[in-house]
Amino acid sequence: MSLPTDVLSGAVGVDTSAPLARANPSAKLAVAAVLALALVLTTDVVTAAVALALVVACLPFTGLGARALWRRGWVLVVAAVPSGVFTALLGVDSGDVLLGAGWFTVTEGSAVSAVAIVLRILAIGLPGVVLLSTTDPTDLADSLAQDLRLSHRFVLSALAAMRLVGVLAEEWTALGQARRARGLGDDGVLGRLRGFGGRLFALLVLAVRRATVLATAMEARGFGLVRERTWARPSHFGLWDATVVLGGVALAGVATAAGVAAGTWQLVLSG
Amino acid sequence: MVPARAGVVPPVLSARGWGWRHGTRRAWAVRGLDLDVAAGERVLLLGPSGAGKSTLLQGLAGLLDPDNGDEEGRLHLDGVEVRAARAAGGRAGAARTGLLLQDPLSQTVLARCGDDVAFGLENHGVPREQIWARVDEAMAAVGFPYGRAHPTARLSGGERQRLALAGVLALRPGLLLLDEPTAMLDPVGADGLRVTVADLLGATGAGCVLVEHRVGPWLPLVDRVVVLEPGGGVRADGSPADVLGRHGAELAAGGVWVPDHPPRTPPPRAGGRGPRLLEAQDLSVRRPGALAPAVAGVDLRVDAGTCTAVLGPNGAGKSTLALALSGLAAPDAGRLVAHEALADGAGPSPHRWRARELAARIGTVFQEPAHQFVAATVADELAVGPRLQGTDPTRTAVLVDELLQRLRLDGLAAANPFTLSGGEQRRLSVATVLATRPRLLVLDEPTFGQDSRTWAELVALLAEVRDEGVAVCAVTHDADLVAALADDVLHLTTPDPTTRDRSTPDLTAVDRADTGSGGAA
């Protein structure tokens, strides 16, 4: 139930005046994208380690305290640690065997790969966590439409639809209670799985119904009426925002350069 | 409450042989409509469900797309075709019409109140320098109690409708199109919105076309009543006194709440009190995920063959209490005991019962009927409960037929429950629950938003099952329902607002707090 409120109030509990928090949402999005690209190109440990170190060094300027960061970013750790363990156990073996038990072996090579995958997940994910926790969705939509010139019909429809997510979360709970009231759900996992489909269908019907009303209400207030709509909230892409983007590019560049210099950088596709 | 401000230019409405058929339908929603409405006139539009009232309002708003349906005749505002009139608004920075719909939750577009009101102005290309002044003016005009930055997720149903009205008013429409704007509000929210609409119409000189079942409270506001004929055309047209005087009985039979023709109510309880079924002592219940209990310190006794009404203002936790009484939420503190006459060997705590045991003992009717539907046809829906109880197929079929007839659903046995009208869905949701012959019925706002005909049928049915010895427990705002049925009444009060959890948006429009809304109350 905490999902909808968190999704809708991105910037609550965060110092939004911090240098990186107040950057233009599109600038923050660009940084996250550039970093992700740099780390998708290679799987090596040096590039990932340097990138993560630099990202962590930037965290004090994001306005996110340690607790706020953990509250929003713990999912990353949950994703990273098992990935590392699996890679260590099942990854391509090379070098000395560090641990061995039947089919499962941890070698120098697989251990390094494991560390690399953990670092990569964190280095790609952290900028995303910062983006989501320091950015109000409305501001992001304003910026995407005004600064990046994405279709305002698309951006605003997505934003309005997101507001319905909170309502649907409540509907989902009510649907579950109603099924129990009807006497369904006693047949263990299988029965619950079968019920899941029905519940999903009902949710879909309710969602379409609400979305239809929402679309009518939006059109009644002139949505899509004029080609050049105006914007009540101006979105500025200024010098500082350009600096932030350049900073992100530089960060990705330094990490990649470090990987190349160490001789570990290798383009993923060239395998 | 309404600051003096410039009036608007109300348009003249004219329909000549106008008709509309939705793309997927064979029947025309509206046909052969001839209607003239003078500038600034306030019209109440009546007619049975399916007479095309909402379609006409959407047509007037210029929202019916010729790509998605067939049109005949013409529909004009000030001599301009309605879609052209809408498009002209985009050039003028103002709208000819303003449409307010029924469902509060589905009309909020943005996350902050001020942004939501600004949405229409942006769409009409109003220059930024003018937007915020017009937003503030509209929010003040509807008596909105919060500032621009207030999150829309925390609004009650009444507050949401008020905000949607502000968003419409910011566009300075000359004709308000109101499609049952108070049907999903509690009495306090509905009264507040009605007063605001009356003030606004008076202050601006705008006209209005209103669709509403509960006509009584709106009558002082309108100068003309138009009744649409389901097949097409106009059935009656004239002053409220004239039309309701001559056609009152016929309108009431069609489901309209006409003040002089109240729905029939059942005779008082025939039998005596049965054994005690359920007992709550100092009971507290929390909503899932909430920190503070939604309702606390409840003492309640429910006896077989009686009807208990649970009343209280929005935010008092009525729906949450209903979930606990239905065995769908665990008590947080205090005790909730099912006596043997109800439990029948299943143990004293309803929330611990297996789903099948629960459905055989307590029938729960949710506020939103669609939440309860689990089958593809109406007949299957009714058979689900008996089948789970192991009733043999022949007897199940007999039972289903009986219920179909009793609830006037027999023509719809093969229809998909989701495609039924609001009143039909409500009747079906009650019928599915009766199919398992429970000893206790718990209903959350069973009469909410229903027309007078469905209301009378529901009340008669509840009286009938009560006289058969079933205990009926209804959470409600409906004073008429309480007067017609209740033996015992429990009044809940709003818990301390500082400890109450308001962070989660509420599913139900009614059970929301209107506290702190100042002008709303």
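In chain B of this predicted model, 75% of the contacts between residues at least 6 apart in sequence join residues at least 24 apart. The chain has 15 helices and 18 strands. Its radius of gyration is 24 Å, close to the 24 Å that the globule rule gives for 521 residues, so chain B is as compact as a globular protein of that length. Taken along the principal axes, the C-alpha atoms of chain B fill a box of roughly 70 × 50 × 40 Å. Of its 521 residues, 55% count as buried.

The predictor assigns the complex an ipTM of 0.85 and a pTM of 0.84. For chain B the average pLDDT is 88, and 93% of the residues score at least 70. Residues 1-5 of chain B stay under 50 in pLDDT, and the model has 11 contacts for them beyond four places in sequence. The pLDDT is also below 50 over residues 497-521 of chain B, a stretch with 76 contacts in the model beyond near neighbours in sequence. Where pLDDT is low, the predicted coordinates should not be read in detail.

The interface between the chains brings 63 residues of chain B into contact with 50 residues of chain A. On the side of chain B that touches chain A, at least two residues each are supplied by helix 2 (82-92), helix 3 (113-123), helix 4 (128-141), helix 5 (157-169), helix 10 (355-361) and helix 11 (378-388) of chain B. Helix 3 of chain B gives the most to this side, with seven residues. By residue class, the side of chain B that touches chain A divides into 36 nonpolar, 20 polar and seven charged residues.

In soluble globular proteins, nonpolar side chains tend to be buried together. The largest nonpolar core here has 94 residues, of which L45(B), A166(B) and L210(B) touch the most other members. Helix 5 of chain B provides the largest share of this core, six residues. Leaving aside neighbours within four places in sequence, L45(B) is in contact with K53(B), L56(B), V209(B), L210(B), V211(B), V226(B) and L228(B). A second, separate core of 80 residues includes A202(A) from chain A, together with L277(B), V302(B) and L409(B) from chain B.

Helix 2 of chain B, one of the helices that supply residues to the side touching chain A, has V82(B), A85(B), R86(B) and G89(B) as buried residues. Seen down the helix axis, the buried residues of helix 2 fall within an arc of 100°, so they line one face of the helix. These buried residues pack against helix 1 (53-60), strand 4 (69-77) and strand 5 (80-81) of chain B. Helix 2 of chain B is followed by G93(B), which has a positive phi, near 75°.

R214(B) has its place in the loop between strand 8 (207-211) and strand 9 (224-228) of chain B. A residue counts as buried with 20 or more C-beta neighbours and as exposed with 12 or fewer; R214(B) has 17 inside 10 Å and therefore counts as partly exposed. R214(B) and D186(B) lie 28 residues apart along the chain, and their C-alpha atoms are separated by 13 Å.

Technical notes:
Residues numbered from 1 in each chain as written. Chains lettered and ligands numbered in written order. Contact = placed C-beta atoms within 7 Å. Helix = DSSP H or I, 4+ residues; strand = E, 2+ residues; numbered from the N terminus. Nonpolar A, V, L, I, M, F, W, Y, C, P; charged D, E, K, R; others polar. pLDDT = per-residue confidence, 0-100. Core = buried A, V, L, I, M, F, W, Y, C linked by C-beta atoms within 7 Å. Arc of directions from axis to C-beta. Rg over C-alpha atoms; globule rule 2.2 N^0.38 Å.
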